[in-house]
Amino acid sequence: MGRYRNVSILAAAVFIQLVGLAYQIRKQTGKDAQDSSRLIRVWTISAITPLEKGIVRLQTGTVNLWHNYVYLRGVRQENRELKDKIEQLQLEQVRLQQDASQARRLQALLGFKEQFIDHTVAAQVIGSSGSEQSRTVYLDKGSDVGISLGMPVISAEGIVGKVILVQPRVSQVLLINDQTSGVGTILEKSRLQGVLKGRASGELMLDKVMSEEDVKTGERVLTSGGDQIFPKGLPVGTIGDVKHGGEFLQVQVKPAAALNHLEEVLVITQRLEREPDKTAAKSMRAADILAQRLPQVPDKPAGAESETGTPAPKPTTIPSTAIQPKPAAPVGTGTVQAIAHPGTAGSVPLANKPAQAKAPTPGASAGITMQPRTPPTGTAPPKTTAGKPTSTPTQTSPTSDTGDTPQ
Amino acid sequence: MAVSYTSREQIEVYRFNWLVAILVPLLAIFLQAFLPLRFPFFSIFDLPLLVVIFFAMARRSQVAGLLTGAVIGILQDSLTHHPLGVYGIAKTVVGYGASSLGVKLDVESVGTRLLVTSGFYVVHQIIYFTIARGLVGLDLRWLWSRELIAAVANAVVGVLLFTLMDRLKERA
């Protein structure tokens, strides 16, 4: 027996671990998957992560000290450039705010659920699993700041992963390029949906895309919201190689976020998901929405209307080509919205029936009359009679000018 | 170069200070988890495996070797999101093998260390892949080219590391 003592111990050690392994795998199908073998993980993570945190903070502190107090070459120039950039972005922001509010109104009319990122927690990546077969990273924040299991993690560039383990001051994130990860995605232009999965090599692949689909290299991939983890519309990456052969395409996706060089990330700790405001939607008219898109006209001089008591004598029909998103403009300038009050124009909600644009009612302080977009076929062009415009009822589809259908 | 011992008397058995025995594996696991974030190419190395091989060969005790491998492997497993035991089993076998070899070979020379380390790296990977594919169900692809390059890289780093860690050895 003594001769086989060491081999017996080896066999016993391997056997015990095999049994433990099998037990954990079996338990992973149950609800308490994360609870198995938790203690050892807690000990190891508690032993390793403080050192990682310390080194990351020391490194960050040193870099900050150098960049903020010592190495300031070119800062003035950079500052000037950034100020210019801010001005450009402010203009862009005004335009985007208008687009966003318009999109929200259309979404409400169509009865979609809305999702908003309400609260995020910034966290620093302090470590990894150290294994290529387990693509996970550790963050320096945990349940103490509200992080919990399943929360999505994003960076400035795109989505990163989801939280799979939480301790009071540390959390573990499963990256999207791990082979056990899966993200519901949609292609930006073709609206083709698919599940994004990681490979053992760390590549991202779009799964189960039929070979007859037209997938173009370089097209942006966004989250579809179908996985119930990531909010819809976040950047995932771009289409890389597309290989044909067999029933499905082999679509490789280049991640938007630098998954190999992560430093700081945001954990989405709170999302607001709400039904659109039905009362607001009901009171909204198709004309109001279209009015948002019309070019701006300056406010009439005060008293001009009261002198006549009627709308402008010759309403102008806006051609369909003029119905374009408004250009960037300072907030507060007069817009056509001011003249398209509820109760004065067509009042059929977009979601239910085709909207009808009616002739302006006397009393509506309109300097112009708007016409809904002319449908492609089967509709006569609007006629204008002297002083009284008539408009043929036309269908206003909730499509945007880019042709994208709101999802 | 003497590769094998001719008598039992030539074998030198070493032991380690308990602080070294605890801190060196922990440091290896820490570096393995920390450095790939800054230097992604570092993930090709397996520092905990090198530590297992070094301790096992220096102690020349099969039980101590397999236990060292099991503990370090399970600690390494606990940082991943996979079940505990995948690295544990692979490193248990490597620890046992390295200590068995340490009894029979002159594992102090650079040439032997290069060969032994690269060989055990491949053994470790085969066991790991078998368990990860067969039991855990991971979809792994075995690439000989990649594994052999990684084996040589680990052996080179191992030789340097062993030279440094030789200073921590104490004669039993």
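Entry 1: I started with strand β6 (residues 182–187) of chain A, which pairs antiparallel with strand β9 (residues 220–223) of chain A over 3 bridges. I count two strands as paired if DSSP finds at least two bridges between them. Strands (E, at least two residues) and helices (H or I, at least four) are DSSP runs, numbered from the N terminus. L187(A) has V221(A) in β9(A) as its bridge partner.

**Housekeeping.** I am reading a predicted model, where local features need pLDDT of at least 70, side-chain atom pairs count only at pLDDT 80 or more, and totals for chains, interfaces and linings use all residues. Residues are numbered from 1 along each chain as its sequence is written, and chains are lettered from A and ligands numbered from 1 in the order in which they are written.

**Entry 2: around β11.** I looked at both partners of β11(A) here. Strand β8 (residues 204–210) of chain A runs antiparallel to strand β11 (residues 248–255) of chain A, joined by 5 bridges, and L204(A) stands opposite V253(A). Strand β10 (residues 235–243) of chain A also pairs with β11(A) in the antiparallel sense, over 5 bridges, with V242(A) opposite V251(A). In the hairpin of β10(A) and β11(A), 4 residues lie between the strands, and G245(A) takes a positive phi near 130°.

**Entry 3: confidence.** I checked pLDDT, the predictor's confidence in each residue from 0 to 100. Chain A averages 70, with 61% of the residues scoring at least 70. Over residues 300–407 of chain A the pLDDT is below 50, though this stretch has 160 contacts in the model beyond near neighbours in sequence (contact: C-beta atoms, placed from the backbone, within 7 Å). Where pLDDT is low, the predicted coordinates should not be read in detail.

**Entry 4: chain B against chain A.** I found 38 residues from chain B and 37 residues from chain A in the contact. On the chain B side, α1, α3 (62–79), α4 (86–104) and α5 (110–136) each supply at least two residues.

Technical notes:
Contact = placed C-beta atoms within 7 Å.
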